[in-house]
Amino acid sequence: MTALKNTAIRLAALLILQTPWLETSHSQVPANPAFSEEISKQESIYQSKGEQVPEGYSIDRSLADYTHALPSEFDSALAKLGPQERWLDIGAGTGQAILDYYTPDYDLTHREGWERRGRKAQAVAISIEDRRTPRWLQDAASLGAGKIEYLFNRRLREYSLDELGQFQVITDVIGGFSYTDDLSQFVEKVLGFLDLYGSFFTLLQDVRSEDGTNRPHYAGAPFLTEIANAEGSEVRVCAWLKSITCVQVSCEFKASWKPPIEIFRIRKVCNDVAVPALVPLHYVAGTPPERRFQLRNPTPASPGRTSATP
Ligand SMILES: C[S@@+](CC[C@H](N)C(=O)[O-])C[C@H]1O[C@@H](n2cnc3c(N)ncnc32)[C@H](O)[C@@H]1O
């Protein structure tokens with residue numbers, strides 16, 4: 001089945017199945033897509049304004065939406081952050097989740113950690129395009145210098161550790177983790193920005209679950225994010241994340257979501273992080289894009305499979 005046909009199926013299903021929260025549609029997909037052409041189409045989605053913004057490109061999810069979607073530990077990890085600690089939201093859109101964190105309502109509903117939190121953690125939003133609203137500008141001015149920051153015009157991979165520093169909590173809700181064309185470099189950067197014992201909370205739509213029992217959400221279409229090993233066999237995203245050194249990973253599949261999502265908590269437990277490198281094989285622009293990656297290096301043979309050496 002061609003990519004074009006897949007997209008037609010996805011779009012048809014989208015009309016019936018899409019909830020206001022989720023997004024799975026593709027922009028225009030050529031029959032024989034060239035990688036760079038798809039990247040430039042993706043760029044025009046990022047830069048879209050007003051009525052040009054594709055229907056599936058959700059940019060203003062609330063903190064309640066984040067809490068509902070992400071692993072349950074996210075809510076308390078954020079509530080426990082003190083005023084000297086930091087939260088990075090990658091792919092923040094309008095930054096609504098950060099604005100919600102700074103409301104009095106947040107404190108009323110998060111009594112635990114209130115005293116410790118005090119004036120709250122510093123929060124940094126990153127987005128490729130500038131989606132700041134008048135409310136963001138107003139809140140940023142009234143909260144005082146550096147309390148909330150909105151960085152744009154660059155992808156995560158273009159920031160250095162010196163520029164951004166480290167964070168105790170990092171989130172990505174259908175941001176760079178779902179959109180990047182270089183997944184291993186993206187995760188490597190995230191883990192570099194994560195403080196020791198800090199956690200990265202994120203999710204992916206329509207992927208093979210850890211236990212491998214689900215099929216792609218749209219019949220005839222591939223999963224939205226796929227990984228193969230160097231020999232071409234499937235590697236589940238959760239298994240790839242668990243193969244990273246110095247992290248503890250938990251994966252939870254939410255089959256009842258439409259499309260289903262897999263949610264991840266990645267906790268950094270030592271500093272010698274090594275992320276198995278992936279090569280991008282396939283990228284079709286969309287909201288989010290359809291991506292396939294392959295492990296650069298062959299899977300090390302297990303002791304049982306190698307011939308014995310003296
Ligand atoms: C669909 S919006 C999601 C916005 C927000 N998280 C929400 O749920 O409402 C995607 C966001 O991810 C950002 N993004 C995509 N790839 C990125 C990358 N590699 N680095 C930083 N931001 C990225 C886009 O610029 C945009 O802000």
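Student: How many of the residues that line the second largest cavity are nonpolar, how many are polar and how many are charged?

Tutor: Four are nonpolar, three are polar and one is charged. (Ala, Val, Leu, Ile, Met, Phe, Trp, Tyr, Cys and Pro count as nonpolar, Asp, Glu, Lys and Arg as charged, and the others, including Gly, as polar.) The model is predicted, with local features needing pLDDT of at least 70 and side-chain atom pairs pLDDT 80 or more, while totals for chains, interfaces and linings use all residues. Residues are numbered from 1 along each chain as its sequence is written, and side-chain values use heavy atoms, without hydrogens and water.

The second largest cavity holds about 30 Å³ of space. Its lining consists of Ser178, Leu204, Gln205, Leu224, Thr225, Pro288, Pro289 and Arg291. On a 1 Å grid over the protein atoms alone, a cavity is a set of points where a 1.4 Å probe fits but cannot get out, and lining residues have an atom within 4 Å of a point. Points are joined across faces, edges and corners, and the volume is the space filled by probe spheres set on them.

The whole structure has two cavities of 30 Å³ or more. The largest cavity has about 60 Å³ of space. Thr225 belongs to the lining of this one too, along with Val207, Arg208, Phe223, Glu226, Ile227, Glu234, Val235, Arg236 and Val237. By class, that lining has five nonpolar residues, one polar and four charged. Strand S7 (225-228) and strand S8 (234-235) each give at least two residues to the lining of the largest cavity, and S7 has the largest share, three residues. (Strands are DSSP runs of E with at least two residues, numbered from the N terminus.)

Both strands belong to an open, mixed sheet of four strands, ordered S8-S7-S13-S11. S8 and strand S11 (278-284) are the edges, each with a single partner strand, so one side of each has no neighbour in the sheet. Strands count as paired if DSSP finds at least two bridges between them. S7 and strand S13 (residues 290-295) run parallel and are joined by four bridges. Opposite glutamate 226 stands arginine 292 in S13. Glu226 is also one of the residues that line the largest cavity, and Arg291, which lines the second largest cavity, falls within the range of S13, residues 290-295.

Methods: On a 1 Å grid over the protein atoms alone, a cavity is a set of points where a 1.4 Å probe fits but cannot get out, and a pocket is an open set with protein on both sides within 12 Å along at least five of seven lines; lining residues have an atom within 4 Å of a point.
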